[in-house]
Amino acid sequence: MKSEKGVTIISLILYVILLTFVVAGMSAITSSFYSNVHEIEGDSKGAVAFSKINMIVLNDVKAEGVELNIDETSQYKISLDIGGETVIYRVQNDALYRNDVKICDKIKSATFIGEKTEYQSKITFDLTIGNYKKRTTYVLEPRTTEDNSIPVS
């Protein structure tokens, strides 16, 4: 009987083919993983930008004596009066500005909607930053001009 020690050409070719499939599979998984990481990184930048915008707008909306200027409302611009100071949010050159200060850039689309009734005012920001789209409605604090309470006897 012959001794079967060592590697034959056929087994060597099979090992190389098997190793090629394993390496190709690992490279496909790795490239998919890295492309997803880059996609998530881009989306997270949009979420961070929305958080920053939300913080700034909420600070203005919740201020004492804030009023919506419905005359200055357009699709790309909205205006608020805060204690005698006018604050204008506008989109220009793919960036969002509060007065002349840039809050955020890389804005793909933006729409501002202002609604004013007798009892309350609302502003809606519909923004797309990168691949992240969000619509947020802010309700301005209602103002009371007179005391309508009934005395208890």
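Isoleucine 123 is in contact (heavy atoms within 4.5 Å) with Val57, Val61, Leu68, Ile78, Leu80, Ile113, Gly114, Thr136, Thr137, Tyr138 and Leu140, leaving aside its neighbours within four places in sequence. The model is predicted, with local features needing pLDDT of at least 70 and side-chain atom pairs counting only at pLDDT 80 or more, while totals for chains, interfaces and linings use all residues. Residues are numbered from 1 along each chain as its sequence is written, and side-chain values use heavy atoms, with hydrogens and water left out.

Turning to charged pairs, the structure holds two salt bridges, each a side-chain nitrogen of Lys or Arg within 4 Å of a carboxyl oxygen of Asp or Glu. In one, aspartate 60 pairs with arginine 98, the closest N and O atoms being 2.7 Å apart. This pair links distant parts of the chain, 38 residues apart, with aspartate 60 in helix α1 and arginine 98 in strand β4 (residues 95–98); helices (H or I, at least four residues) and strands (E, at least two) are DSSP runs, numbered from the N terminus. Aspartate 60 counts as buried because its relative accessibility is 5%, whereas arginine 98, at 23%, counts as partly exposed.

Notes: Buried means under 20% relative accessible area, exposed over 50%, partly exposed in between (1.4 Å probe, protein chains only).
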